[in-house]
Amino acid sequence: MKRVKIAAGLCNADYGHIGDQVEWATEAGVDYIHAEAADMYMLPDHPLMGGPQVVSGIRPITDLPIEMHCYIRECDELFIDITADAGADCIILPLEYFLGGAPLAYLVKRARKHGMQF
């Protein structure tokens, strides 16, 4: 039987009360928290949204896995390190910006080194 998982997305969260909202979602029984990071290119209506700072802020509030969905054009190994250190369990990057072999392979290897899903 297929198991449906439910994520609480933080894209439109009230950042002034994000801890409370994550706590409510956790208590409601969601399976994981879906955080976002956006630059000014991918989501111009949400420039510089979210990121590792949000993950580190909510990590102490929930034991649920935190997935970071990155709407970014550029990423390097340092961003992977910062995201993992903040407490993200999974990172999602837009594949089309990281194709070409080596860049994607380095990012996948780095995420796996931190025990993150990619």
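This is a predicted model: local features need pLDDT of at least 70, side-chain atom pairs count only at pLDDT 80 or more; totals for chains, interfaces and linings use all residues.
The C-alpha trace spans about 40 × 35 × 30 Å along its principal axes. The radius of gyration of the protein chain is 14 Å, which agrees with the value near 13 Å that a compact globule of 118 residues would have. Of these 118 residues, 42% are buried, and among the contacts between residues at least 6 apart in sequence, 66% join residues at least 24 apart.

The protein chain exposes about 7,100 Å², of which carbon and sulfur atoms supply 55%. Its charged side chains comprise 9 positive and 17 negative ones, with the centres of the two sets lying 11 Å apart.

Helix α1, formed by residues 18–28, has Ile18, Gly19, Val22 and Ala25 as its buried residues. Viewed down the axis of α1, these buried residues fall within an arc of 130° and therefore line one face of the helix. In general, an α-helix has 3.6 residues a turn, so residues three or four places apart point the same way. The buried residues of α1 pack against strand β1 (7–9), strand β2 (32–38) and helix α2 (52–58), whereas Trp24, Glu27 and Ala28 are exposed on the other side of α1. The helix is followed by glycine 29, which has a positive phi, near 105°.

Methods: Residues are numbered from 1 along each chain as its sequence is written. Side-chain values use heavy atoms; hydrogens and water are left out. The radius of gyration is taken over C-alpha atoms; the globule rule is 2.2 Å times the number of residues to the power 0.38. Buried means under 20% relative accessible area, exposed over 50%, partly exposed in between (1.4 Å probe, protein chains only). Contact means heavy atoms within 4.5 Å. Accessible areas come from the Shrake-Rupley method with a 1.4 Å probe; for residues, only the protein chains shown count as cover. Lys and Arg count as positive and Asp and Glu as negative; His and the chain ends are not counted. The place of a charge is taken as NZ of Lys, CZ of Arg, CG of Asp or CD of Glu. Helices (H or I, at least four residues) and strands (E, at least two) are DSSP runs, numbered from the N terminus. The arc is that of the directions from the helix axis to the C-beta atoms.
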